[in-house]
Amino acid sequence: MAIIFDEKSKIFLLQGKSSTYAFCIDPDGTIGHRHWGQQITEICDVPTRTMLQGRNGKIDDNQEYRAFGGPSLITPAIKITLPDGVRAV
């Protein structure tokens, strides 16, 4: 498995034998899902956040990991309550 990282776009490509998993650090600091499927070898071929938003119309639908709180209205990946009652992760 090869890992390719592009510093400018903050995109990671995890290469399998015949597939690629791509994610990036979005400008808002969240981890954004970009691609999982047929192999992509060039960073420029990874779908952009804007391209993916065009399909689903929602800004945070492409977050790779959703914590509780913040602007996302989508069910979080994890939700906890700490002993002091704080629920932010």
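Analyst: Start with one definition: buried means under 20% relative accessible area, exposed means over 50%, and partly exposed lies in between, using a 1.4 Å probe and protein chains only. This is a predicted model, where local features need pLDDT of at least 70, side-chain atom pairs count only at pLDDT 80 or more, and totals for chains, interfaces and linings use all residues. Residues are numbered from 1 along each chain as its sequence is written, and side-chain values use heavy atoms, with hydrogens and water left out.

User: Why does Lys 10 count as partly exposed?

Analyst: Lys 10 has 32% relative accessibility, so it counts as partly exposed.

User: What makes Glu 7 exposed?

Analyst: Its relative accessible area is 53%. Exposed means over 50%. Therefore Glu 7 is exposed.

User: Why is the contact of Lys 10 with Glu 7 called a salt bridge?

Analyst: A salt bridge needs a side-chain nitrogen of Lys or Arg within 4 Å of a carboxyl oxygen of Asp or Glu. In Lys 10 and Glu 7, the closest N and O atoms are 3.0 Å apart. That meets the definition.

User: How many salt bridges does the structure hold?

Analyst: It holds 2. Among them is the one between Arg 34 and Asp 26, at 2.3 Å from N to O. Both of these residues are buried.

User: How many aromatic pairs does a search of the whole structure find?

Analyst: The search finds 3. One of them joins Phe 5 and Phe 12, with 4.4 Å centre to centre and 40 degrees between the planes.

User: Why is the pair of Phe 5 and Phe 12 called tilted?

Analyst: Rings of Phe, Tyr and Trp (its six-membered ring) pair if their centres lie within 6.5 Å; planes under 30 degrees apart count as stacked, over 60 as edge-to-face and the rest as tilted. The planes of Phe 5 and Phe 12 are 40 degrees apart, so the pair is tilted. Tyr 21 and Phe 23 also form a tilted pair, at 5.6 Å and 40 degrees. Ring pairs link Phe 5, Phe 12, Tyr 21 and Phe 23 into a cluster.

User: Are Tyr 21 and Phe 23 buried or partly exposed?

Analyst: Tyr 21 has 23% relative accessibility, so it counts as partly exposed. Phe 23 has 17%, so it counts as buried.

User: What makes β3 and β4 a pair of strands?

Analyst: Strands are DSSP runs of E, at least two residues long, numbered from the N terminus. Two strands pair if DSSP finds at least two bridges between them. Here 7 bridges join β3 (residues 19-25) to β4 (residues 31-38), so they pair. The two run antiparallel. Phe 23 stands opposite His 33 in β4.

Notes
Helix = DSSP H or I, 4+ residues; strand = E, 2+ residues; numbered from the N terminus.
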